[in-house]
Amino acid sequence: MFSQLDFSLTIGVFYWLYLIVVAIFILYTLINYYHLLKFGFFSVLNIVVMIVYAVAAVWLVWFSLTTLATLDWSRSLFDASWIAGLTDIFSSLK
Amino acid sequence: MINLNAIPNKRPQELVLVHLWPHPLVFIGIFLSYLALFVIPPIIYAFINFVTPGAFDNLVIMPVLLALMFAYYLLIMVFMLTVWMDNYLDVDTLTNERLILRTQKGLFNRTVSDIELYRIQNVSVNQKGLLKTIFNYGDVQVETAGKDPSFTLASISNPVRISRLIQRLDETVKNNRHAPPGQI
């Protein structure tokens, strides 16, 4: 039975996980902004924090999405080469 | 955003005297601790790359680690914003009639309460530690006759001055309450 299952998982799983994190990031950012705008006092510091955060957040999301979009996500997750690579790293740390 | 003079259920003769946020050093400390978290991935990368040159050239490891690293940075950033929001919205306001306490705990827990100044029984200052002494900030503990017997104004600037101000206002409010109506 199990031999008929397709285990062709690709590393694209991590790309999808990253996109889920981006969605969570945007959702929580909007909730935080809602609180700051609704309950926060009108102060220069609060506005500066919100603007700096917005600029940094947009840049980070844009930069990460464009960087990750250029990579090949079709490789198999169970490709033995990366396990060998990890083994190399851990053995060199000993 | 709220105007600095806006308080919940404002009374006709009520004046906002001071808003009490945690000392800026508290915010700087939190910011620096999160900044340290930002530096961790480059340090790990540089270390592994130094020990095993070319370890990240693998076409499977590299995209996965990049995705994890970006996800890590996004989560750190949103935690930073949440901590800022959490602390910035923890603001207490002293008026000439009452003390308004606003507490934000996380994203979905916000409490606003107020204490009449005439209920205050005792005010004490707790300013322990080198940083608190040098930068003049600390806790002011206020004991009241209400159902919540005591509360703390945590890590506020000039705690001694604020405690004296609360005591002076408390005396004024109590004198006015006991004075005949014509003398107020």
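**View 1. Strands S3(B) and S4(B) pair in the antiparallel sense over 7 bridges.** Strand S4 of chain B covers residues 110–116; strands are DSSP runs (E, at least two residues) numbered from the N terminus, and two strands pair if DSSP finds at least two bridges between them. This is a predicted model, in which local features need pLDDT of at least 70, side-chain atom pairs count only at pLDDT 80 or more, and totals for chains, interfaces and linings use all residues. Residues are numbered from 1 along each chain as its sequence is written, while chains are lettered from A and ligands numbered from 1 in the order in which they are written. Thr103(B) stands opposite Thr111(B) in S4(B). The hairpin has 5 residues between the strands, and Gly106(B) takes a positive phi near 70° there.

**View 2. Strand S3(B), residues 98–104, is mostly covered.** Of its 7 residues, 5 are buried, that is, 20 or more other C-beta atoms, placed from the backbone, lie within 10 Å of the residue's own. S3(B) is also joined by 3 bridges to the antiparallel strand S2(B), residues 92–95. These two strands form a hairpin with 2 residues between them, and Thr93(B) stands opposite Ile100(B).

**View 3. The side of chain A that touches chain B draws on helices H1 (12–39), H2 (44–69) and H3 (80–93), each with at least two residues.** Helices are DSSP runs of H or I with at least four residues. Here 40 residues of chain A are in contact with 33 residues of chain B, contact meaning C-beta atoms, placed from the backbone, within 7 Å. H1(A) gives the most to this side, with 14 residues.

Note on methods
Contact = placed C-beta atoms within 7 Å. Buried ≥ 20, exposed ≤ 12 C-beta atoms within 10 Å, placed from the backbone.
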